[in-house]
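Good morning, everyone, and thank you for coming. Please have a look at the structure on the screen while I talk you through a few of its features.

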Amino acid sequence: MDHHFHIILGLIFCLGLLVLTSSLLVESPPITCNQTGLSCTVIRDNCYENLLHSAQWTPSAPVWNSDEIGIDLIEDENGNEVPVLEIKWKSAQDASIKYLKGAQVKILQASDNSLFCIKYMFHNKITSQVNFNKQPWSFSFNRFIAGPGQKYFVSVYHLPQLNSDSINSISKSVEIPGCSDPRIKRTKPCQLSGNLWEPNITLETNEKEASVYFKLEPDAQKYVVFMKSFYDGSQCSEKKEEITNITFSENLKMASVKMSTSGWKRSCCNYSVMVSTH
């Protein structure tokens, strides 16, 4: 390596956004909501049926604290760790609890407006403002697989629901960290997107060419190497090279590409190298 050059190594992951559809749930073991003194069933919901029925008396809105909605990591049916929305709420301790027949969780994904709903149906009336532990009746849902980097709007409605959404419901937005977050990085969605790839780029240069070396990604079919030169923070030149038909194997884990720098100004001796996969 020519030590007269100051080398800046950059890295870009062009992986695309992995959007997890609302049908993806961790369904095993079966979702239950039974408690001592309360018979309850969890069902998928079409999100709109509740508004078709009116009721003379409705319960108060759910109650939650700021730390009762966020993300959690759990194992799916195949033993893979996945990020899920963790949603917890309580029933208000007032007389309206005797009209409480269930709850609906509604999750809206901001990027495409896809909607997911699940309903907790109570099969007996709640007659006390507290449960058998003398605590407020509490519920939770943590089976919706959240997409890394996605934003969600979460609402919880107590049933029967009023035609006006805002009166007996609560809502909050939740942003899921991207795959660069240490907690999320090794989950299955990030593995599928290739996020664990660490190319370990190195660069060697002389007056006529630059040699870029990087580690292959096992599932990539195509690589694009970008190289730019700079002087005092301003870009001078750039070059792009595409690499295809490289098959990852135990014997071939590194790739290299030579890029001509003939004609580049020698004063532009700061470099940025970026590698993307497709």
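How many bridges join strand 4 to strand 7? There are 4 of them, and the two strands, the former covering residues 81-90, run antiparallel. Please keep in mind that this model is predicted.

Let me turn to the cysteines. A disulfide is a covalent bond between the sulfur atoms of two cysteines. Searching the whole structure gives 3 disulfides. In one of them, cysteine 33 and cysteine 40 have their sulfur atoms 1.9 Å apart, and both cysteine 33 and cysteine 40 are buried.

Another disulfide is formed by cysteine 179 and cysteine 190, with sulfur atoms 2.0 Å apart. Because cysteine 179 lies in the loop between strand 9 (169-175) and helix 1 (188-192), while cysteine 190 lies in helix 1, the pair ties together parts that are 11 residues apart in sequence.

In the disulfide of cysteine 236 and cysteine 268, the sulfur atoms are 2.1 Å apart. This pair links distant parts of the chain, 32 residues apart, with cysteine 236 in strand 13 and cysteine 268 in the loop between strand 14 and strand 15.

Definitions and conventions:
Residues numbered from 1 in each chain as written. Predicted model: local features only at pLDDT ≥ 70, side-chain atom pairs only at ≥ 80, totals over all residues. Heavy atoms only, no water. Pairing = 2+ DSSP bridges. Disulfide = S-S within 2.5 Å. Buried < 20%, exposed > 50% of the residue type's maximum accessible area, 1.4 Å probe, protein only.
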